[in-house]
Amino acid sequence: MNWNQIEGNWEQFKGKAQTQWGKLTGDDLDVIAGKRKELSGKIQAAYGKTQEEADREIDEWMSRS
């Protein structure tokens, strides 16, 4: 799975992202709108992670999706 597929089908992936990162609200997911940098930033803010940690989590999530 590549990010272009996730971005193009964000409405379908929002639920999976919500399951993975439960602290992200529906409004957060709407703002993210499939943009990887936005998702990374929201994860960093909600969970207090570094950019590297957030990006690694996103990569792991993508490989399972």
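Visitor: What radius of gyration would a compact globule with 65 residues have, and what does the chain have?

Guide: The radius of gyration is taken over C-alpha atoms, and the globule rule is 2.2 Å times the number of residues to the power 0.38. For 65 residues the rule gives a value near 11 Å, and the chain agrees because its radius is 10 Å. The C-alpha trace spans about 25 × 25 × 20 Å along its principal axes. This is a predicted model, in which local features need pLDDT of at least 70 and side-chain atom pairs count only at pLDDT 80 or more, while totals for chains, interfaces and linings use all residues. Residues are numbered from 1 along each chain as its sequence is written, and side-chain values use heavy atoms, leaving out hydrogens and water.

Visitor: How many helices and strands does the chain have?

Guide: Both are DSSP runs numbered from the N terminus: helices are H or I with at least four residues, strands E with at least two. Here there are five helices and zero strands, in the order α-α-α-α-α from the N terminus.

Visitor: Is Ser40 buried or exposed?

Guide: Buried means under 20% relative accessible area, exposed over 50%, and partly exposed in between, with a 1.4 Å probe and protein chains only. Ser40 counts as buried because its relative accessibility is 4%. Of the 65 residues of the chain, 31% are buried.

Visitor: Where does Ser40 lie, and which residues does Ser40 contact?

Guide: Contact means heavy atoms within 4.5 Å. Ser40 belongs to helix 4, residues 36-47. Setting aside neighbours within four places in sequence, Ser40 touches Gln51, Ala54, Asp55 and Ile58.
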